Amino acid sequence: MRVTKLLLVLAAVVLVVSIVAVKCEHEEDDFAEFDDDFEEDELSRARSRRARTPSPQKEEDLKETPKKKPPTEDVIEEDIRPKDSGFDEDDEANVMNDEDDFESIDDEDEFDFDGDGKVKREMPPPKLTITSVPMPMRGWQAYWSELLMLIGISVYMMNYILGRYKNQKIAQSFFDINWNILEDNFMMLGDSTILEDEQGTRNYQKMSDSIYQMWCSGRVCCEGMLVELKLLKRQDLVSILANMFRPAKDVLRVSVEMGREDMDSVVFALANKKAATKMSKEYNDLINYCPEKKPAEKYGLPSQFVVMSELSEASSTILDSKTCAVITKFASLIDSIHFTDQFTGLRSAEPETTKDGVMKLPEPRRFLFFTLNLPTTNSGNNCDTVFEEMKPFFQFIFYTIDKMKRVRLSKEGKYKADRNRAKVEEAFMKQTHAARAEAAAVRREEKRRQEKERILQVIMLSETLIMFCRLKISRTVNF
């Protein structure tokens, strides 16, 4: 138990730390991307401002440099304009003034030109800002999230191995303690006559890591008995966490199938209040034949139980003094006791149909069900003590099997039971009348279609014979 709790606490811490680490890592990556974009934008803006702003040293050089006119402006060309062109001296003065405005631009000493005639500007070197980049992590610190995940997986695997071993230990203990009782009452235990393998393991069947079964056969008064252990999923860490918030117990379910002649018309159930509510909504036989629930104090049983019975005569016969004493002794373990000759399984939305599509009532079977909640701990250390204390109840199961063969209803009780079964069948026929009528119409239509196809085949065959005869006669006449 302490190891399981330690594993659970460690798993919870690993889960929380891994979630926080993943969130922090995503946030750091997102903001790092924004910081890089911001620094690149600031650097590009600074460079553009420096390119547009001339340096102070260059402006002083421009002021000190005297303006020189190009030698081409000293030579005045002759006026070759026609006299009647309308170009007077005022216009010529304006043109000269406009040319004077651009003298500063034509000064070659004021600007530096390259070979292509483009202006060269001396740019100051850009001021570079070095961003401090964090050094990458070295060693195990760079993989701490992966280490946490490995620790979580290791905890889950350790819990799986330990839980699987605990369930197998509980099942082995149960069959070892009750093996002599089963061997004395049945000729065959398990799937073969070999009761133990080479390692001495009992011949029970492992359905999963938490479900173990054994089929027993070869006894009078019954067709066989199925012993089923439904243990907690101790190998699953998630199920263990769920059981902390919603506690559950290991379950032992014994199902005895009675022969057709070994049980009379009886539908009876005794269960605690929670199980009785669930059973009355799920099982067809209790829904149809036991709609009422009666308190168990009437029969001298603890108040935690509820009795559901088709006939009061059957309840009085089954709950004798010895049965009531055993039920009172094991009241904390008993979940439900269910005897029925009309067991058709759980309630289903669709009724059973035959190959022809005809709906019918399912074939009922006779069963005795015993369901117990085992008080085993999560570690399974007390399983030997629990199963030793349960031996009297296991012997009570075989006492009940022999007793149900002797139980016989009176004539009046038998008449009531037969009438109830006839009512259930009639209600089923009324409920499925429309569906059966539809199925009958489909069958009739199918039969009519088959007859039409048969007639068409006969007509086509006759036409073929007639054509063949005509062809034969025509050939004979021509010959």
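I began with Gln205 and looked for what stands opposite it; Gln213 in β5 does. I noted that I am reading a predicted model.

I then looked at how strand β4, residues 205–206, pairs with β5. The two are antiparallel and share two bridges. A hairpin of four residues joins β4 to β5.

Next I turned to strand β3, residues 188–189. I found it antiparallel to β5 as well, with two bridges between them. I looked up the bridge partner of Leu189 in β5 and found Cys216.

How many bridges join β5 to strand β6? I found six, and the two strands run antiparallel. Strand β6 covers residues 224–230. Cys216 has a bridge partner here too, and I noted this partner in β6 as Met225. The hairpin of β5 and β6 has six residues between the strands. In this hairpin I noted Gly218, which takes a positive phi near 95 degrees.

Is β5 largely enclosed or open? I checked burial along residues 211–217. Five of the seven residues are buried, so I recorded the strand as largely enclosed by the rest of the structure.

**Salt bridges**

I searched the whole structure for salt bridges and the search gave 15. I kept in mind that side chains of opposite charge can pair when their charged atoms come close.

I looked at Asp264 and found it in a salt bridge with Lys414, with the closest N and O atoms 3.1 Å apart. Asp264 sits in the loop between β7 and β8, while Lys414 belongs to helix α13, residues 411–431. I noted the pair as a link between distant parts of the chain, 150 residues apart.

I went on to Arg421, which forms a salt bridge with Glu310. Their closest N and O atoms are 2.8 Å apart. Arg421 lies in helix α13 and Glu310 in the loop between β10 and α9, so this pair ties together parts that are 111 residues apart in sequence. Are Arg421 and Glu310 buried or exposed? I found both of them buried.

The pair of Glu363 and Arg260 was my next entry. Their closest N and O atoms are 3.8 Å apart. I placed Glu363 in the loop between β13 and β14, and Arg260 in the loop between β7 and β8. The separation is 103 residues, and the pair links distant parts of the chain. I recorded both Glu363 and Arg260 as exposed.

I also noted a network of salt bridges that links Arg164, Lys206 and Asp209.

**A nonpolar patch**

Last, I looked at the surface. Which residues form the nonpolar patch there? I listed Tyr143, Leu147, Leu150, Ile153, Tyr156, Met157 and Val238. Together they have about 690 Å² of accessible area. I checked which element gives the largest share, and it is helix α5, residues 144–185, with five residues.

I looked up Val238 separately and found it in helix α6, residues 237–245. Its relative accessible area is 58%, so I wrote Val238 down as exposed.

Definitions and conventions: Residues numbered from 1 in each chain as written. Predicted model: local features only at pLDDT ≥ 70, side-chain atom pairs only at ≥ 80, totals over all residues. Heavy atoms only, no water. Buried < 20%, exposed > 50% of the residue type's maximum accessible area, 1.4 Å probe, protein only. Pairing = 2+ DSSP bridges. Salt bridge = Lys/Arg side-chain N within 4 Å of Asp/Glu carboxyl O. Patch = residues over 30% accessible without salt bridge, like charges linked within 9 Å, V, L, I, M, F, W, Y side chains within 5 Å. Areas by Shrake-Rupley, 256 points an atom, 1.4 Å probe, with all protein chains shown as cover.
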